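Please find below a colleague's note on the model shown here. The points are numbered and may be read separately.

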Amino acid sequence: MLLRLIIITSLISCVYSEACQENDLVVKSTDCDANGNRWLFKIPKDDRKCDLNDLSLPKRVDNCEMTCPSGMHLNLLSQNCEICPPGTYSTGDMLEVTKWNTMPDFLTSDVTHGGAFNEKCNLTGWSAQGKYLIGKTTDSCTVILSMNIFNQKSGTITFTYQIEEYGAMAFFIIRNERCTQLPGGSYILGLTGSYAYETVTFSVPVGHNILQWYLFVENVYVQKLYGLKDPEIHIKEIRLTGTPPVTTCTPCAAGSFGANNKADHCELCPRDTYSVEGATSCQSCPKDQYSGNGSSSCSPRPPCKKEDYTSYWTSCDQHQMTQRKWRWIEPKICNEDTGVSLPQPENPIECHKCPAGTFPLDGNTCELCSSGKNKNDINLETCITCPSNEIPMYGLRFDNWYRMPSLLTLNCFNFFGVKCQTWERDLTSLRGGVGMHSDEVATLVLPINDGFITASSFDSTNKYSFYFQPPMSNTYVRIDFQLDCIERCQFSMKLVYIAGNEKTVAIWGGSSKRINHTYHVQDASAITFKWTFEKPGSRIHVQDHVKIYQIEVTNVKNDNAIGCQTCIRGVENGKCKTCPSGLYYSVQYDEINKTNIINCAKCPNNSIVVADASSLHTVTEACHTCEPGTIAVNHSICVTDTQPITASGFQYNLTEVIDRVHTVSSPKMFTPSGTGYYHEFLISLAYGKTVQCVENSTSYDHHTVNASICRHTKFESSSHEHRKTYSKPTRLADRLIRMVPSNVTAEFWQEINKNLTKAGWEEDKYGNDLHYIFTSDDHSYNCPRGHTTVLTLRCVFTENIEKFIYRVKDFSEYITGKIELPPSCPDGTCDGCTYHFLWTTMYACRMCQEHDYERILGECSYGHRKVHLRASWDCRIEHGKNLTITEGCPLLSKSQTAAVLLTTFILFILGLIIFMCHRRNKKLEYKYMKLVQSTSGKNQVTSCALESEGETDKGGSVYYTTMNNNNADNINNVDNYNRTRIKSPPSYADSTGIVLEPNEFLKNDHFTQMGFKGLPKVNLPPIIYKVK
């Protein structure tokens, strides 16, 4: 073995017999150690040409802290900063990447898998795409981009990125050399949307650091279930400061040049020029060749064709003349010598006047009369002044294009800052898109900064802070245009709101005949209209374009008259005489007189007047119905209904719910790197009131999102500042569509119960849940219709109280309620586009009505008693309601009254009986007295008695017994008891019906037997008794 090494060494020494010279060597250095020292050493530029010698011996230096400014480099041998010569550049202590033809050496790409291996992960990762670096991921995969750096001093990392889809979650993390995340070194990257890039800056500490970009799918379940587009991130530029100074100047790349020394960057070669590496200037291409910006070579020019040039019109000169000319479409790549040439200019023609409501400011611009007529008193023939019996029609109308309206803004936008073809005036039309590339967008912007005119002025600042008021009827934006495209092209109309969010209202594609599109404005607030023309994903076709013939906006609040109109009832103080507030002019047909009668009519309930007083309207034209959940005030504005009444007759009081901003947070989640985060949702139910979600993850760039419901992501920061760090603000709801209970229809009840069950909640069994439904204008590839958010309010009493109390944190939450995210979808959405919240609270219970109270009666005392009211279990008692009332009552209860009445009746009957008996006794006494007073002893009555009950004659028959039984005259009137019926009583008797019988004890025979002889005979009265 030793012999082999000796032979190999001898062979090498024979091959490299020549020692390296100074010019053959390049200086390298080690990283700085803990003491601030490093080693310098020299190695051959080409180790095949020379051998190492004493010049290559390492040398230790202690200048690790030395830096050089941009345009200079550090000479390691002399330890001095030297100026970079022409054709080279230096960024000093900054590392910069702006081109992505290949993946830089200091960047590495990695892919991690989730719980199960996914073959699609092999198709993900990071790749250089020329103009940007793109990262792609799919479900169950995380793509990581790592950058291993050494910072000699504290610096910053700045990069420009784009994330379009809501399903993407991207993090930027700073780690130390041991791969430990630094305190406060984790940041969420927010969404940017389509056609937009975001630039962020973060601090980087001294020493070895690992910078990482993470991209993964936020909701894997939704991604798989709905097959959403895989998330992507585009990184356009990266700039890192604080790095060690460059030791050599970098030669300018081919296609660029450095004309001066001490350059910090190289300039791109312009069109039709080229350069090689390290060039100090660019060389012109031969006449028959062409090149684009930043080219390293030239290509042969094809023959010119008619499609390679376009026409344009010159500015109106002092004689009000304009001329049509032609020019080559930029960049020009064709050869005139082998093809067609530009046509000759046409004869000048007279410029037309500016459109109505504008005046010529100069040869290229028409200014609004409302903004310029007080400043300039010339050339105002197109500014309209109405006669005294008419009023102005305010608005905007652009129907000729000899000059450009000053209010319109024309732009051509691309991602990379390169100038592109803009719009061209064509006298009768405005042409856009000629010569555009597939990555360019031509935009036409029309701001309406003051909003639109309303039918009535209503001061809502005191009582109603948040309201909605539509403009007058017949308020619209109309655009007359035509598409002329061979390849794929697209023309769209968007609304840009004050908060910055956009809403696409119409899209057209391909070639089309002339289209007259009208958009009716629904909100009187300020807004901006934007039209865009683009050629997405298609090869360039230079002649594809859109022609705009006319743009008209009515009822603009800018005092800019575009015409005059008469009034129905005449003009008063410069305005039409109007109907009283809440009424509009309508026509009715008089059947008797066969004529039309103009009257002021009232809009239906819960609607507002949007008609003006210049014309007659139908109820559909004049009235705007407020959305369910809002109410009309004086038929002028729609405000949030804090006490809605459902179709079932149930009334709610949601004042405490609507007048506050509410917050709900998702469960804590973790990124693949272990960083904890959660979503925070801010909610406002007030009509027109917005909440604000923020982006404050960096100290360099803060921005906010305003919406009715929004979400931002809060992530854990291990810094000692304990600052709340939010990122990724997302707009979920811009406006309220409607508020309905579950049982508004059977179909809706079934659908909402299906969604509630899918989200993991109990279904609404009683149909009393209230659902506030919102929509958002934020659109994306996965959510082309924007976001929909549903907030369900549920009465706490309709739930299982034991389960609910178990979920709440404290008793106060039982009162105010608890807002929950779907248990099955903890990030708030189960499909990525529809968000759902459930708010269980006592405020969502219907208000108790009179029939819902059970009356518990107290004891009646002195005509008064207390009544205790007990409400039904499923309703809420009105605040301040007195549940104990005092009311009058009778002295006796019903049972006592019945007993008294029964007793009184019985007593009455007894008294009646006594009275009757008493009366009959009086009659008997009377008869008895008559008998006693009788002076005749003949046929004397010995006894008397009443006849059996029911047998007494009405006249009062009397039976009597006499002392003499031999009276033959009375034989027929004697009964079995030897009683005689008296038909005609003697003078000493009456007809009272008394029966007289003798008293045996008092007969004379008894006296004789007792020894009372010689006594005179005494006639004693008989004993009176009633016959049994």
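1. Two strands are taken as paired if DSSP finds at least two bridges between them. Helices (H or I, at least four residues) and strands (E, at least two) are DSSP runs, numbered from the N terminus. On this basis strand β4 (residues 72–75) and strand β5 (residues 80–83) run antiparallel and are joined by 4 bridges. L74 has C81 in β5 as its bridge partner. The two strands, β4 and β5, form a hairpin with 4 residues between them, and Q79 in the turn has a positive phi of about 60 degrees.

2. Basis of the model. This is a predicted model, in which local features need pLDDT of at least 70 and side-chain atom pairs count only at pLDDT 80 or more, while totals for chains, interfaces and linings use all residues. Residues are numbered from 1 along each chain as its sequence is written, and side-chain values use heavy atoms, with hydrogens and water left out.

3. The largest nonpolar core. A nonpolar core is a set of buried Ala, Val, Leu, Ile, Met, Phe, Trp, Tyr and Cys residues joined through side-chain atoms within 4.5 Å. Buried means under 20% relative accessible area, exposed over 50%, and partly exposed in between (1.4 Å probe, protein chains only). The largest such core has 41 residues, and those with the most contacts inside it are F159, F172, L189, W213 and I235. Two or more residues each are given to this core by β11 (141–151), β12 (155–162), β13 (168–176), β14 (181–189), β15 (198–204), β16 (207–217) and β17 (232–241). The largest share, 7 residues, comes from β13. In soluble globular proteins, nonpolar side chains tend to be buried together.

4. Contact means heavy atoms within 4.5 Å. Not counting residues up to four places away in sequence, F159 touches F172, L189, E198, T199, V200, F202, W213, E237 and I238.

5. Strand β2 (residues 38–44) is joined to β3 by 3 bridges, and W39 stands opposite R60 in β3.

6. The sheet β66-β67-β69. Here too 3 strands form an open sheet in the order named, and the pairing is antiparallel. The edges are β66 (853–857) and β69 (884–888), each with a single partner strand, so one side of each has no neighbour in the sheet.

7. Helix α6. The expected span of a helix is 1.5 Å times one less than its number of residues. For the 14 residues of α6 (residues 746–759) this should give 20 Å, and the end C-alpha atoms are 20 Å apart, which agrees. F748, I752, N753, L756 and A759 are buried in α6. Seen down the axis, the buried residues of α6 fall within an arc of 130 degrees (the arc of the directions from the helix axis to the C-beta atoms), so they line one face of the helix. These buried residues pack against β60 (735–741), β61 (770–775), β62 (788–795) and β64 (834–841). The face turned away from the buried side carries the exposed residues A746, E747, Q750 and K754. Just after α6, G760 takes a positive phi of about 105 degrees.

8. Loop residues. Most residues other than glycine have a negative phi, and most peptide bonds are trans. D272, in the loop between β20 (267–268) and β21 (273–274), has a positive phi near 65 degrees. D272 counts as partly exposed at 26% relative accessibility. Q320 lies in the loop between β25 (309–313) and β26 (321–322); its phi is near 60 degrees, also positive.
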